[in-house]
Amino acid sequence: MPTNAPTIRDASDILNNFEPTVAPSGPILVATDTSPASDAAFPIARLIAASLHAPVNVVSALRPNAMPMYAFDTVPYPMRAEPYLVEGRQSMIERQMARTVPSATPWPVRVRVGEPLHEIVDDARTIDARVIVVGRGRHTVLGRTLGGESVLRLLQLGDTPVLAAQPGIDALARNVVIATDFSAFSLYAAQVAINLIAPGATVRLVHVGPSLSDADTTLQAYAEGYAKEAEKGFALLKEHLEPHGVTLETVTLHGNPSERLIEYLDATHADLVVTATHGYGFLRRMVLGSVTTELVRSAPCSVLCVPGRARTIAAARANATAHQQTRSYAINVLDAELNAFTTRNVGRSCSVEMDRDDFGAQTLGHDMSLVGATYDKHDRSMTLMFGASSLQGEHLSHGMQGCESVHTISNAEGRDQVMRIVHQGGQTLLLLE
């Protein structure tokens, strides 16, 4: 194969990506602005709740009035929402519930005051919601409180999966498409989705790869290797999902991911499409990010988006089985411990997320090869290094000052899965795939 041809990960690397996780298990959260566009959220929430025997909560947010203040600076001064406005919103939600789910026992309703999307995300985090359900409406309009752009914003702000429900749904999804790049993130999205669809549903695992059918002879070996590795990735996904009682099919498409996916959804009359929002797979092809944006805006069916945050999957892995092992490293021997950690894990693909007190979670990178981890006891600083290999010079470093504690989570076989570093100003998570 030519030296400038793309590289494909070995099958053993794929196997390392598939560690057990568990989906969220809190209440279902319906988010509504009381408009007709949000009506669709209520029937699907009732269907999911009945299937999972899960409670349903409803949240709505009032943006407080703002009064301009012209003293030293021209700034808006937020005013508290008057009680009658909160009571009015509560009454509107109760009427919406009575109209959309007339036979349901009334669900708890919370009316919050503040920036609506931030309030919804905060409410979901407070109750550990398993999914936020919103209505898509017939047409997505910029500026609508819970329109398509706001769904994307909910995904950016929070870790909770978001289901944007198509109007007219009267049954759980039975014809489901799950977009996958074979990463830990898309596997996690699939595991979340399996719990929200009809028993015995037909699930098509769809990967969109590059167009290689017309590749010249210099890339034929790559095209053949790509196809073989995709087959292995599909096999591993099926191994993890088949015990859930769904019928699984696998499909590989080629070309522009968002265009091909939307064409496929139309052709198969899908009820639901599922995608993760972050993550790169072993084939280095994203069915995420901009693709998620296009699916939320243009898919002809309901859309389930699952944020692929390192901390979300880390928490899920930690709770997946009683055989997980958590270990804390003593700071006074941390340099030696990190040397051993590096020896065990050098070359493994990983994702890194920094969660700071001042600006929240920031993804530093996905699908990076671990080169090493070091600690300097003189200034209590720790450095993570990533690159193509430990021998090829160029690498990316991430430094953390004022390290306070370091913990790892390992699976039943003792293989490291997550490293959590608590340091000055926040924490950093290293998710090993």
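Val 133 stands opposite Leu 163 in β7. This is a predicted model, where local features need pLDDT of at least 70, side-chain atom pairs count only at pLDDT 80 or more, and totals for chains, interfaces and linings use all residues. Residues are numbered from 1 along each chain as its sequence is written, and side-chain values use heavy atoms, leaving out hydrogens and water.

Helices (H or I, at least four residues) and strands (E, at least two) are DSSP runs, numbered from the N terminus. Two strands pair if DSSP finds at least two bridges between them. Here are the pairings of β6 (residues 131-135):

| Partner of β6 | Sense | Bridges |
|---|---|---|
| β1 (residues 28-31) | parallel | three |
| β7 (residues 162-165) | parallel | four |

Is β6 buried or exposed? Five of its five residues are buried (under 20% relative accessible area; exposed is over 50%, partly exposed in between, with a 1.4 Å probe and protein chains only). In a regular strand the side chains alternate between the two faces of the sheet. Val 131, Val 133 and Gly 135 are buried on one side, and Ile 132 and Val 134 on the other.

Now for helix α11, residues 334-345. Its buried residues are Leu 334, Glu 337, Leu 338, Phe 341, Thr 342 and Asn 345. Just after α11, Gly 347 takes a positive phi of about 90 degrees.

Note on methods. The expected span of a helix is 1.5 Å times one less than its number of residues.
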